[in-house]
Amino acid sequence: MRVLGIEGTAWCASAALYDAETDSVLIESDPYEPDSGGIHPREAAEHMSEAIPDVVDQVLTAAQDRHGPDAVDAVAFSRGPGLGPCLRIVGTAARSLAGTLDVPLVGVNHMVAHLEIGRHQSGFDNPVCLNASGANAHLLGYHDGRYRVLGETMDAGVGNAIDKFTRHVGWSHPGGPKVEAAAAEFAAAAGETDIEEGSSRGAAEADLLDLPYVVKGMDFSFSGISSAANDAADEGVPVGEICFSLQEHVFAMLTEVSERALSLTGADELVLGGGVAQNDRLREMLAAMCEARGAAFHAPEPRFLRDNAGMIAVLGAKMAAAGDTVAIAESAVDPNFRPDQVPVMWRTGESV
Ligand code: ATP
């Protein structure tokens, strides 16, 4: 089966072809990059309307050149969660493409796709998943036909919390990679790196700012830490020091709740998903935690972590194979589509 996936929940206009026979994925993406500030929904939607036809055309042309006019067996699209104006453009494109090609339509939950790509690549049976993305942050575990939300942010998504700080100090979007670079530079300048101990913090640990650390069971909160980081910048604390401390606090919170989820479910596998998962320090902390408790850890390659249509096409293929397609008349998008609303028809009989 070959599935054409379309993604466009916020900033990344993307199309992909997944070939289940060869387990190969072709992805074409065109990101929206705001000149200043964060993601503006109207501008992001304008970007989608311009970029989606192009990326779809590139992928479809490549598919048909290689496999002929019937190259695509199904069209999958991000149905939510995401920005309504963007989702509606993606939904319209997917419906018209499925109609033109006369193939089934598959409506994919974007957050479940962030999880399933890690499960698919790792071959893990039944992992806990930490989704660390821009607009979301939650822990998922499969039980009785659904991905249950074991814990989640009580306010901002993890990437949005970091981006809120970088906007405050005048850095362009996305802020996460810039925070990672500034934190690494600060750590290097503060002292040596201690690779042997599995840590790149080195002597910088001594300079850790006291920022809010809010974990309640497996839920957590980032709004206080964003404000405290902004206040520290206003008080003249060097930005690199704030970036370092921000990362250490935020990622320690995510590591603590992930360990609690592994402990409570008895699972021994953790997969990481979402754009923030591209951060080396987050992966390092989670890998060290998993190693210490004898759990396996997998983070997909970066092109499958940030928003991308590859993960939509891969999950779309699993859903289509399970007969989980949607009629065009019932394919409305849902900006608040939660992962635990999805009946998981492509796997059965397992639970954490
Ligand atoms: P969602 O998947 O919840 O809809 P999203 O649409 O914002 O989120 P993602 O691609 O999952 O998209 O994540 C984007 C976020 O990832 C941004 O907030 C960005 O700052 C952050 N990010 C990207 N690279 C890094 C990095 N190296 N370190 C930390 N954060 C990063």
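A residue is counted as buried here if 20 or more other C-beta atoms lie within 10 Å of its own, with C-beta atoms placed from the backbone. By this criterion, 52% of the 352 residues of the protein chain are buried in the predicted model. The secondary structure of the chain consists of 9 helices and 12 strands. The C-alpha atoms occupy a box of roughly 60 × 45 × 35 Å along the principal axes. A compact globule with 352 residues would have a radius of gyration near 20 Å, and the value of 20 Å found for the protein chain therefore agrees with that expectation. Of the contacts between residues at least 6 apart in sequence, 75% join residues at least 24 apart.

The domain assignment divides the protein chain into domain 1 (2–114 + 304–341) and domain 2 (124–303). Taken over C-alpha atoms, the centres of domain 1 and domain 2 are separated by 28 Å. At the interface, 18 residues of domain 1 are in contact with 23 residues of domain 2. On the side of domain 1 that touches domain 2, helix 3 (residues 110–122) makes the greatest contribution, with 3 residues. The residues on that side of domain 1 comprise 9 nonpolar, 6 polar and 3 charged.

The ligand is surrounded by 26 residues, of which S133, G134, G159, G176 and G275 are the closest. Two or more residues of this shell are given by each of helix 4 (158–168) and helix 5 (176–190). The largest share, 4 residues, is that of helix 4. By residue class, the shell around the ligand contains 15 polar, 7 nonpolar and 4 charged residues. Because domain 1 and domain 2 both give residues to this shell, the ligand lies between the two domains.

R281, L282, M285, L286 and C290 are the buried residues of helix 8. Just after helix 8, G294 adopts a positive phi of about 75°.

Conventions. Residues are numbered from 1 along each chain as its sequence is written. This is a predicted model: local features need pLDDT of at least 70, side-chain atom pairs count only at pLDDT 80 or more; totals for chains, interfaces and linings use all residues. A residue is near a molecule or strand if its C-beta atom, placed from the backbone, lies within 6 Å of it. Ala, Val, Leu, Ile, Met, Phe, Trp, Tyr, Cys and Pro count as nonpolar, Asp, Glu, Lys and Arg as charged, and the others, Gly among them, as polar. Domain bounds come from an automatic or database domain assignment. The radius of gyration is taken over C-alpha atoms; the globule rule is 2.2 Å times the number of residues to the power 0.38. A residue is buried if 20 or more other C-beta atoms lie within 10 Å of its own, exposed if 12 or fewer, and partly exposed in between; C-beta atoms are placed from the backbone. Two residues are in contact if their C-beta atoms, placed from the backbone, lie within 7 Å.
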